[in-house]
Amino acid sequence: SCDGTHDVFNGISLTDNVLFYAPLALGPGNPNTVYFGTDRLYRSANKGDTMFVVSQAPLAGGIPISAIGISPQNDNVRIVGLSDGEVYATTTGSSTLTNVTGSIPPYYVARAVIDPHNTNAAYVTLDGYGTIALPVQHIWKTTNIAGGSWAAASNGLPDVPVNAFVIDP
């Protein structure tokens, strides 16, 4: 319970660093797997009744996860963005996620999405603004999640936060 006498609820530590609106994502399966982000990534195979840590604990210096992407094809393919702009991933379901940030600038990661037709391709979107001299690319794409090679995918778009993103099926 959350009555001050326990420090864990459903497997989630109440002392984790977490955003006010914590990220939550569904994976594939029946029932769907459920993912929840604090400063670590949690996974449940039973509708969230019991959550287990599936990342480093904490993931990166206690920085909260701000975005979670799970492949609709393969529950082992996961990508998370942090509020400091770092991106971590696994393509094997490993509970040790690899830093794949590459050339993505250090802005709050608003969304992380894995292509529903290609488990190697993913996108992350960024919040924030650049400067007049240095506008920020807000959409980044990789075709090799494990490789950490990202390319800007928002050329020609204004320097505004991208808080929603979906891949046209």
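**Close-up views of a predicted model**

**View 1. Where S3 meets S4.** S3 and S4 run antiparallel and are joined by three bridges. Look for Ala25: its bridge partner in S4 is Tyr35.

View 2. Val34 belongs to strand S4, which covers residues 34-37. Is Val34 buried or exposed? Val34 has a relative accessible area of 14%. Buried means under 20%, so Val34 counts as buried. Beyond its neighbours within four places in sequence, Val34 contacts Leu24, Ala25, Leu26, Tyr42, Arg43, Ser44, Lys47, Gly48 and Met51. Take Gly48. Val34 and Gly48 are 14 residues apart along the chain, yet 6.0 Å separates their C-alpha atoms.

**View 3. The largest nonpolar core.** This core holds 17 residues. Which of them have the most contacts inside it? They are Ile79, Val87, Ile104, Val124 and Trp150. At least two core residues come from each of strand S9 (87-90), strand S11 (109-114) and strand S12 (122-126). In soluble globular proteins, nonpolar side chains tend to be buried together.

**View 4. Ile79 and the second core.** Not counting residues up to four places away in sequence, Ile79 touches a set of residues including Ala67, Gly69, Val87, Ala112, Ile114, Val124 and Trp150. Ile68 and Tyr88 are also among the residues that Ile79 touches. A second, separate core of 13 residues includes Ile68 and Tyr88, along with Leu41 and Ile65.

How values were computed. Residues are numbered from 1 along each chain as its sequence is written. This is a predicted model: local features need pLDDT of at least 70, side-chain atom pairs count only at pLDDT 80 or more; totals for chains, interfaces and linings use all residues. Side-chain values use heavy atoms; hydrogens and water are left out. A nonpolar core is a set of buried Ala, Val, Leu, Ile, Met, Phe, Trp, Tyr and Cys residues joined through side-chain atoms within 4.5 Å. Buried means under 20% relative accessible area, exposed over 50%, partly exposed in between (1.4 Å probe, protein chains only). Helices (H or I, at least four residues) and strands (E, at least two) are DSSP runs, numbered from the N terminus. Contact means heavy atoms within 4.5 Å. Two strands pair if DSSP finds at least two bridges between them.
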